[in-house]
Amino acid sequence: MTGFIVKRFAQAIFVVIAVSLIVAVAIRMTGDPALMIAQGATNITQADLDRIREGLGLNQPFLVQYLDSLRGLVTWDLGNSFVGGTPVNLLVDKALPATLSLAFASMFVSIAVSIPLGIRAAVARGRGSDQLIRIFSLLGLSFPNFWLATMLVLLFSITLKWLPPSGMSGFASFIMPAVTMGVILTATNVRLVRTTMLDTLNSQYIMVARAKGLSERKVLYKHALRNCAIPLITYFGLQFGGLLGGIVVIERVFNWPGMGTLAFDAVAARDYPVLQSVIMILALLIVGINLLVDIAYGIVDPRIRTK
Amino acid sequence: MAFAAPPRLHRFASLEFVLGFLLLGGVVFCVVFSAWLFAPPGQISLSSRLVMPFQDAAHLFGTDALGRDVLARVAVGGWVSLKVGFFSVIGSVVFGVVMGLVSGYYRGIWDVIVMRCADIQLALPFILLAITFVAILGGSLTNTIILLIVSQWVQYARLVRGSVLTLREREFILSARAIGVKNGAIILRHILPNLMGPVVVLMTLNVANNILLESSLTFLGLGVDPTIPSWGGMLAEGRTYLQTAWWISVFPGLAILCTVLGLNLLGDWLRDLLDPTGRTNR
């Protein structure tokens with residue numbers, strides 16, 4: 001077990017280092033930040049540029065700068081934004097909770113819908129409602145998420161005026177973004193629940209539970225669902241990366257004050273300290289969650305360790 | 001027993017195939033023959049700006065803020081999606097399959113490279129990768145395709161590697177090796193044909209997914225040039241007029257939905273047909 005955990009940790013650390021190197025090299029390829037900062041100002045001298053470089057630590061060798069940026073992630077000192085000089089950690093402190101709360105809301109919507117539907121599809125395998133659910137799942141997979149979001153805004157904000165079209169202000173503002181992401185996630189999750197459930201329903205203890213005369217509801221939701229829980233939680237956990245990627249796009253449509261909005265504004269303004277931090281923090285989150293899920297799975301199901 | 005597997009039929013003309021074929025075929029037809037079927041998409045006519053759809057036979061889907069015909073622009077805009085979908089998938093298949101074959105057959109350092117690339121790809125969602133690289137290289141059709149290849153080839157490499165690992169221990173491969181067939185010939189003649197089924201299925205679904213990714217990139221202003229008509233670009237423009245002219249945002253999105261749904265239906269049908277064991281099942 002220890003060997004398994006150590007190995008997974010080593011893999012995770014490798015990925016973090018690789019991703020951070022890719023991002024650091026990529027950001028440096030974009031040009032000299034000192035020139036970008038100086039862009040607006042008139043009569044900039046070479047001495048001014050050197051001073052800006054020194055202030056940003058850009059006169060240091062690449063390796064020192066790189067290690068500094070890693071240390072910054074640990075000590076939560078992420079440097080200052082090029083635009084307005086706000087410390088990046090303050091920006092992230094506001095944006096990260098907004099993105100994460102939306103991620104959990106979407107997860108919640110998707111799990112609440114896909115578990116009953118997936119179970120229904122598994123029970124009705126091959127029959128009408130299974131086909132219907134399958135068609136809806138395919139339809140959900142085919143929706144561009146940002147377009148679905150736009151259509152919801154068109155219907156519920158502009159036409160019916162029920163929900164706020166943008167921003168994060170209270171419960172009502174969560175509904176459309178969470179439903180958009182929820183629909184897209186549900187399309188995949190229904191299939192996962194259905195497949196996992198089919199495996200479980202074929203096992204003997206389900207037959208025994210039925211033979212005991214338990215109600216179908218109890219058989220499905222108590223006996224079968226519990227045994228599906230471990231693989232399902234793993235799938236849901238591993239979805240987190242894709243979910244964050246999707247939310248980054250959706251934030252644009254709803255003007256959600258999250259990491260995606262922060263990243264896009266940073267791209268537009270060539271605000272590289274912000275961009276680098278956003279990407280690194282999201283990647284760290286995803287690697288961390290994947291690691292936790294894997295280790296948890298390894299603890300619960302010893303077979304996985306030897307894989 | 002209630003849950004016994006029903007016998008699997010090879011359904012050549014299932015509902016999925018017919019629907020998928022009609023949707024995708026319809027879109028491809030309109031896009032390919034757009035020059036003959038519809039008005040010139042770039043024609044600006046300030047006298048007929050923001051015409052409602054289904055009011056004027058000349059502008060069935062209405063017009064945009066510059067008086068350009070939405071239907072014509074949707075049809076022409078499809079080129080971008082079809083090109084991106086096609087070339088990005090061809091690129092990732094070629095690279096991914098070669099890497100998968102090499103890593104699965106020879107193992108060693110190639111195997112390590114492919115598996116670690118897979119780890120990295122899992123940790124970096126496509127959009128984040130795209131943001132980083134567009135910030136450096138700028139957005140364009142070619143860059144979008146390259147970006148998609150860079151982020152998608154690993155899927156093929158993993159799929160192929162997995163199949164090769166089991167195939168290489170099978171008896172027909174061992175016997176081919178025993179009679180002295182060269183490695184290259186074994187890979188090309190005996191291994192490759194045996195794994196084309198799942199690869200083709202993945203390709204179909206991948207075209208669909210890449211079209212979705214390209215349109216979101218372009219929508220965000222990170223994809224193809226906004227002056228070229230494209231579905232994502234039109235949707236980004238339409239956002240400004242959402243209050244007054246819903247049709248600019250509705251029709252390009254419907255076009256994406258039809259294309260992607262068509263591809264997904266065909267992919268599902270192909271999966272049942274070629275890969276009944278469900279290895280590529282999502």
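Reader: Why is A:Cys228 called buried?

Author: In this predicted model, A:Cys228 has 22 other C-beta atoms within 10 Å.

Reader: Where is A:Cys228 placed, and which residues is A:Cys228 in contact with, leaving aside its neighbours within four places in sequence?

Author: A:Cys228 belongs to helix H10 (residues 216-238) of chain A. Apart from neighbours within four places in sequence, its contacts are A:Thr196, A:Met197 and A:Thr200. A:Val253 is 25 residues away from A:Cys228 in sequence, and their C-alpha atoms are 35 Å apart.

Reader: Why is A:Asn255 counted as partly exposed?

Author: A:Asn255 has 13 C-beta neighbours inside 10 Å. A:Asn255 lies in the loop between H11 and H12 of chain A, and its phi is positive, near 50°, in a residue other than glycine.

Reader: What makes B:Arg107 partly exposed?

Author: Its count is 14 other C-beta atoms within 10 Å. Since a residue is exposed at 12 or fewer and buried at 20 or more, B:Arg107 with 14 is partly exposed. B:Arg107 is located in the loop between H3 and H4 of chain B. Its phi is also positive, near 50°, and the residue is not glycine.

Reader: Which residues of helix H12 of chain A are buried, and what do they pack against?

Author: In H12 (residues 259-269) of chain A, the buried residues are A:Met259, A:Gly260, A:Leu262, A:Ala263, A:Phe264, A:Ala266 and A:Val267. They pack against helix H5 (88-123), helix H11 (240-254) and helix H13 (272-300) of chain A, and also against helix H5 (126-137) of chain B. Just after H12(A), A:Arg270 has a positive phi of about 50°.

Reader: Which residues have the most contacts inside the largest nonpolar core?

Author: They are A:Ala263 and B:Ala130, in a core of 155 residues. Helix H3 (residues 70-106) of chain B gives the most to this core, 15 residues.

Reader: How do you know that this core lies between domain 1 and domain 2 of chain A?

Author: Domain 1 (2-75) and domain 2 (94-305) of chain A both give residues to the core, so the core lies between them. As for A:Ala263, its contacts beyond four places in sequence are A:Val248, A:Leu275, A:Val278 and B:Ile131.

Reader: How many residues of chain B are in contact with chain A?

Author: The contact joins 40 residues of chain B to 46 residues of chain A. Two or more residues on the chain B side come from each of helix H4 (108-123), H5, helix H9 (196-219), helix H10 (231-240) and helix H11 (247-274) of chain B. This side has 27 nonpolar, eight polar and five charged residues.

Reader: What describes the packing of helix H7 of chain A and H11(B)?

Author: Two packed helices are described by the angle between their axes and the distance between the axes. For H7 (residues 145-159) of chain A and H11(B), the angle is about 145° and the axes are 10 Å apart. H7(A) passes H11(B) in a left-handed crossing. A:Trp147, A:Thr150, A:Met151 and A:Leu154 of H7(A) make the contact with B:Ser249, B:Gly253 and B:Ile256 of H11(B). These residues divide into four nonpolar, three polar and no charged.

Note on methods:
Residues are numbered from 1 along each chain as its sequence is written. Chains are lettered from A and ligands numbered from 1 in the order in which they are written. This is a predicted model: local features need pLDDT of at least 70, side-chain atom pairs count only at pLDDT 80 or more; totals for chains, interfaces and linings use all residues. Helices (H or I, at least four residues) and strands (E, at least two) are DSSP runs, numbered from the N terminus. Two residues are in contact if their C-beta atoms, placed from the backbone, lie within 7 Å. Ala, Val, Leu, Ile, Met, Phe, Trp, Tyr, Cys and Pro count as nonpolar, Asp, Glu, Lys and Arg as charged, and the others, Gly among them, as polar. Axes are lines fitted to C-alpha atoms, for helices over the stretch in contact, and angles run from 0 to 180 degrees between N-to-C directions. A crossing is left-handed if the near helix is turned anticlockwise from the far one by less than a right angle, and right-handed if clockwise. A nonpolar core is a set of buried Ala, Val, Leu, Ile, Met, Phe, Trp, Tyr and Cys residues joined through C-beta atoms within 7 Å. Domain bounds come from an automatic or database domain assignment.
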